[in-house]
Amino acid sequence: MSERLEEIAAAMVAEGKGILAADESSGTIKKRFDAINVESTAENRRDYRELLFRSTEAMSNCISGVILYDETIRQNAADGTPLVEVIKATGAIPGIKVDAGAKPLALYPGDTITEGLDGLRDRLAEYHRLGARFAKWRAVIDIDIAARVPSAVAIASNCHALARYAALCQEAGIVPIVEPEVLMDGGHDIDTCYEVTKAALTKLYAELFGARVLLEGTILKPNMVIAGKKSGRQSSPEEVAEKTLKLFRETVPVAVPGIAFLSGGQSDEEATANLNAMNAAGQQPWRLTFSYGRALQAAPQKAWAGMAENVAAAQAAFSHRARMNSLATLGQWRP
Ligand code: 13P
């Protein structure tokens with residue numbers, strides 16, 4: 001595996017492959033386990049994540065990298081092999097979530113700022129020793145037009161933090177995934193999502209430029225341009241593809257090697273169909289792939305339900321979604 005940032009980034013968006021986001025914080029994974037009636041113990045979290053990483057064929061053919069949480073990057077498989085080595089044996093690259101979560105932005109009700117810059121240089125050095133070659137930092141931008149959310153200050157503060165994080169990553173030999181997530185939870189329409197995402201991406205690339213970040217050694221992890229869930233309207237894959245691609249042409253430099261979408265609460269199949277529609281629209285300056293959490297894991301979590309006898313079924317469910325999304329990166333998925 002190359003140690004050059006550009007080559008790591010290129011491998012993260014290799015043809016037909018995408019990223020498995022398995023970096024749920026302890027609070028988030030507990031919510032996921034609650035839904036399947038599984039107690040969130042360190043051992044259960046290990047067993048669940050190990051079954052994903054040991055889905056060898058899907059991992060080798062469809063998954064370029066795995067985003068881990070701090071606990072997981074230090075954990076061993078049941079047979080004592082570090083999980084990082086299990087991942088590397090499939091050819092996938094281990095990555096690590098390094099932000100400390102979104103906190104309320106002082107004096108701006110409804111806005112959040114992602115924390116985690118203090119001490120980040122030392123943490124990145126340790127994660128590099130543990131095997132991580134890329135990292136993730138997620139900024140959260142909610143939309144509530146009546147409440148004037150997001151404010152310009154929230155967008156600027158989050159993009160500045162993303163740029164400081166990205167520079168520290170590159171200094172440590174780690175490729176930063178920059179994730180400014182405009183949430184799809186609100187009641188806004190697709191054009192409002194377009195406008196807010198445009199403001200965020202415009203600011204993000206100005207900040208990355210100012211911080212001297214090498215764009216060739218970064219991956220963008222954005223939301224798709226899509227109507228809010230509470231709008232009562234579901235955007236069609238064609239509409240999502242058209243507006244998302246238009247926005248990227250306007251805002252994302254061609255030096256960026258790849259764009260790996262979050263699923264953000266879309267259903268499994270919706271996330272696949274939307275990615276497929278973008279890749280079916282023809283050649284783009286960047287690879288367009290997935291960095292899905294829920295859209296890859298909802299099915300295997302349900303199939304597993306915490307039972308050892310369901311491991312094969314859970315692996316089959318995960319492998320199926322990974323294959324469908326791999327096809328979508330090529331524009332070859334069919335419902
Ligand atoms: P979802 O695909 O579930 O949105 O998660 C991706 C992720 O890593 C969000 O930060």
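This report describes the overall build of a predicted model, the surroundings of its ligand and one of its helices.

## Overall build

The protein chain holds 13 helices and ten strands. Its C-alpha atoms fill a box of roughly 50 × 45 × 40 Å, taken along the principal axes.

The radius of gyration is 19 Å. A compact globule of 335 residues would have a value near 20 Å, so the chain agrees with that expectation.

## Burial and contacts

## Around the ligand

The ligand has a shell of residues drawn from several parts of the numbering. A21, D23, R138 and E179 belong to this shell.

Four of its residues are nonpolar, three are polar and four are charged.

## Helix α13

Helix α13 covers residues 311-329, which makes 19 residues. At 1.5 Å a residue, α13 should span 27 Å. Its end C-alpha atoms are 27 Å apart, so the span agrees.

The buried residues of α13 include A314, A317, F318, A322, M324 and A328. Q315, S319, R321, N325, S326 and T329 are buried too. In general, an α-helix has 3.6 residues a turn, so residues three or four places apart point the same way.

After α13 comes G331, whose phi is positive, near 70°.

Terms used. Residues are numbered from 1 along each chain as its sequence is written. This is a predicted model: local features need pLDDT of at least 70, side-chain atom pairs count only at pLDDT 80 or more; totals for chains, interfaces and linings use all residues. Helices (H or I, at least four residues) and strands (E, at least two) are DSSP runs, numbered from the N terminus. The radius of gyration is taken over C-alpha atoms; the globule rule is 2.2 Å times the number of residues to the power 0.38. A residue is near a molecule or strand if its C-beta atom, placed from the backbone, lies within 6 Å of it. Ala, Val, Leu, Ile, Met, Phe, Trp, Tyr, Cys and Pro count as nonpolar, Asp, Glu, Lys and Arg as charged, and the others, Gly among them, as polar. The expected span of a helix is 1.5 Å times one less than its number of residues. A residue is buried if 20 or more other C-beta atoms lie within 10 Å of its own, exposed if 12 or fewer, and partly exposed in between; C-beta atoms are placed from the backbone.
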